[in-house]
Amino acid sequence: MQLLRAYSAEWLRAKRTPLLFLALGVPLIISIFSTPSPKHVNWDFLSNPSPGWTFFILPIGIVILGLLSAQLYSSNHMWKSTLIQPISRSTIYFAHLLFLCSIVLLGFIVLMIGQIIIGKILGLKGSFSFFRVISSFFLSYLASLPMIALQVWLGMRYKGITVPLTAGLGGWIFSTALSNQLPSFAMWHYPLFVTSQPAIFLPISLGLAFILILVGLISFIRMDVH
Amino acid sequence: MSDLVIETKNLTRCYGEFVAVQSMNMQVLRGSIYGFLGENGAGKTTAIRMILGLIHATNGEVYLFGQSLKKNRHALLRHVGALVETPSAFGHLSGKDNLKYICKLRNIPYNQIDEVLDIVDLAYAKDKLVRKYSLGMRQRLSIAMALLGQPQLLILDEPTNGLDPSGIREIRDLIKSLPAKGYTILVSSHLLSEVEQIASHVGIIHAGQLLYQGEIENFTKRGQTMIHIKCSPITKAMQLLEENYPQVYLENGLFQMPGSEEQIDEIARLLVYNQISIHGIYLQQSNLESLFLDVIPKKQ
């Protein structure tokens, strides 16, 4: 019950912010403007999230959404007002995590629907399986959880934007550099790799997300609010 | 139920070598307005943050309503409302939406929003975005947030900070009106005159140590009554007064000495007899400011 209340407070807090516009608008724009030529692609291609999305937009988008969301607390001095309420810190932490997971999920859903509609309009060749599309997008979403967990942790732990922004962008650059030789260490590109090798990247993603959520939770509970 | 709404036992907070609050034993009685006084950096905000569980104590414990905060945090914070230092509210939301946010977290119905807005006189601006509020309005909104859920204890940290004189007066009148509604209030300030006008009890903190706490009336009784004399010629008067009253001293052209009402006549006669013109002579009761300065150690 407490978690539901805190989660609903998160949505209220997001009113009149660019969070929803970015989460819903960007994937919509991506799906429209990255319309492929029907001569070159078939349903195999459009059954997965667009590579532009998983490679670039998603990792950077998570950094931006995480920063915007956490900064609403920091820049308005709202951590102290929130944390003196009769609600546990872990509940506040999970509500915030759940909120960010939700808006990223909404982005995936919009992109998926956009890609399906465009594929149908273009009359792509190959067999279309709704189950395959959903599972592919969902796998990619699950593989983005470590990035979300990291941004939630750093955004809640640090007042300024420097640490979360550096970690997010630095991590993405680092992952890009490692993606060929050591893909298992390229956390920011797991959403791209997971669709082709789910047996490897799904357990890694979920395990890493679990560890980052736990570390973030402990850090948030122990944090002094000045 | 305990008569002590707040009790801290040896509450200590260190930052490395620096001791921000040292073995503080604060006691706030039910129904009182406890003025928590101290200079900037004395440790007031650190102490308040520990009382609210925002920062962890290095040592010691906080009891609210007779129960340990560590063990019963959620249940106890249900009865506490607070404004900590700067006013805080989401600038992109309206005043009403900010109050809704707190209602959701506290699990209280929205119908309390209009009540608290009326108390802080902000109903007219409830739909306005907070970023368009003046500092005074933000401060009142933060107090409204603290009042939601009708808490028994209100903790207000520097509630008049940054306000203009009329804003200060509004907040002061508001705080003074609250004990009648059943609130116990801990109000911290570095403005002695503010605390003097509203508090029933006072606690003085300096360099992290609580140097005094008790009823403000008892505290002001501790001070000496001073006789202030303005007369001329000063040199002759100084010589004469020093011969008769060794404790006399001159400050800003005004002779001052501890004394009582009965002595005024005697002093006036002495001065007049020695052809010294008296321009003014009156009795000055010690105020909180002079007592505060007596209590805190002098700066090197």
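Contact here means heavy atoms within 4.5 Å. The model is predicted: local features need pLDDT of at least 70, side-chain atom pairs count only at pLDDT 80 or more, and totals for chains, interfaces and linings use all residues. Residues are numbered from 1 along each chain as its sequence is written, chains are lettered from A in the order in which they are written, and side-chain values use heavy atoms, with hydrogens and water left out.

**Exercise 1. Describe the interface of chain A and chain B.**

Step 1. Begin with the residues that touch: 32 residues of chain A are in contact with 35 residues of chain B.

Step 2. Turn to the area. Buried area is the accessible area (1.4 Å probe) that two parts lose on being put together, summed over both. Between the two chains this is about 3000 Å², and carbon and sulfur atoms give 56% of that area.

Step 3. Consider the polar contacts, each a pair of N or O atoms within 3.5 Å; within protein, one must be able to donate a hydrogen and the other to accept it, and residues adjacent in sequence count only if both atoms are side-chain atoms. Between chain A and chain B, 24 residue pairs, both at pLDDT 80 or more, are in polar contact.

Step 4. Assign the chain A side to its elements. Helices (H or I, at least four residues) and strands (E, at least two) are DSSP runs, numbered from the N terminus. Two or more residues come from each of α1 (2-13), α4 (51-75), α5 (78-83), α6 (89-122) and α11 (198-222) of chain A. The most come from α1(A), with seven residues.

Step 5. Sort the chain A side by residue type: 14 are nonpolar, 10 polar and eight charged. In this count Ala, Val, Leu, Ile, Met, Phe, Trp, Tyr, Cys and Pro are nonpolar, Asp, Glu, Lys and Arg are charged, and the others, Gly among them, are polar.

**Exercise 2. Locate the salt bridges across the interface.**

Step 1. Apply the rule: a side-chain nitrogen of Lys or Arg lies within 4 Å of a carboxyl oxygen of Asp or Glu. Across the interface of chain A and chain B, the rule finds three salt bridges.

Step 2. Examine one pair. The side chains of Arg16(A) and Asp97(B) form a salt bridge at 3.6 Å, N to O. A network of salt bridges links Lys15(A), Arg16(A), Asp97(B) and Lys100(B).
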